[in-house]
Amino acid sequence: MLETLKKRRAIRNFLPQPVEREKIESLLEAATYAPNDRMREPWHFYVLQGKSLKQFEQVALDYLQQRFPTKPQLVESSMKAVTNTPLIIVVTSEVVEGDEGATIDNTFAVSSAIMSMWLMAENLDLGMVWRTRGVGLVHDTALHEFIGATENERLIGTLCIGYSEAPITTEKKRTPFTEKTTWV
């Protein structure tokens, strides 16, 4: 397992090859086994491919042009992240009305579900990157409205998934756990 974790990378460049439905379903199933408080299973997945993915591209472009009107190069480079992605899965978390603690716990559970998907993607020879800001659009209402999420859903991540354009062979740099650990 540790070797799988060390090998995992954020992949941003994909081949123009569709992801098979069976693999998408495996990713989604892996997510549902994530730990979650009181078995609330607070996640919801919105799968974007084909026509819906093309429509999302326009939503992202509109957002980026509005946010960065004087930076067309930034808009163009950011859009490559969307236009070169064969599959996007938007993941939301349930907001528990009147219970901020449960809502926060749900966010943790959904984050665990996304990590489960990431590990499954590695197992299926798929690349993935978890986006939030910029083209991830999780802090803007445009994506929320586009996917038709309810008022009781909070966007947690926009997952770009596909077959990696090239293998990543560089070693992942991490601070040793000993420098981030206090034994009490």
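Select helix 3, residues 50–67, where helices are DSSP runs of H or I with at least four residues and strands are runs of E with at least two, numbered from the N terminus. Helix 3 has 18 residues and spans 26 Å from its first C-alpha to its last, close to the expected 26 Å, a value defined as 1.5 Å times one less than the number of residues. The model is predicted: local features need pLDDT of at least 70, side-chain atom pairs count only at pLDDT 80 or more, and totals for chains, interfaces and linings use all residues. Residues are numbered from 1 along each chain as its sequence is written, and side-chain values use heavy atoms, with hydrogens and water left out.

Within helix 3, show the side chains of Leu53, Phe56, Glu57, Val59, Ala60, Tyr63 and Leu64, which are buried (under 20% relative accessible area; exposed is over 50%, partly exposed in between; 1.4 Å probe, protein chains only). The buried residues of helix 3 pack against strand 1, helix 4, strand 2, helix 6 and strand 4.

Next, center on Phe56. Leaving out residues up to four places away in sequence, Phe56 touches Leu48, Val82, Ile88, Val135, Leu137, Leu143, Phe146 and Thr158 (contact: heavy atoms within 4.5 Å).

Now widen the selection to the largest nonpolar core, which has 26 residues; such a core is a set of buried Ala, Val, Leu, Ile, Met, Phe, Trp, Tyr and Cys residues joined through side-chain atoms within 4.5 Å. Phe56, Ile88 and Val90 touch the most other members. At least two residues each come from strand 1 (43–48), helix 3, helix 4 (72–83), strand 2 (87–94), helix 6 (141–147) and strand 4 (153–162). Helix 3 gives the largest share, six residues. Apart from this core lies another, of 25 residues, including Leu28, Val91, Met128 and Ile156.

Move to two loops for the backbone angles. Most residues other than glycine have a negative phi. Met39, in the loop between helix 2 (21–31) and strand 1, has a positive phi of about 50 degrees. Met39 is exposed, at a relative accessible area of 58%. Asp125, in the loop between helix 5 (100–123) and strand 3 (127–131), has a positive phi of about 60 degrees. Asp125 is also exposed, with a relative accessible area of 59%.

Last, select Leu5 in helix 1 (residues 2–7). Leu5 is partly exposed, with a relative accessible area of 33%.
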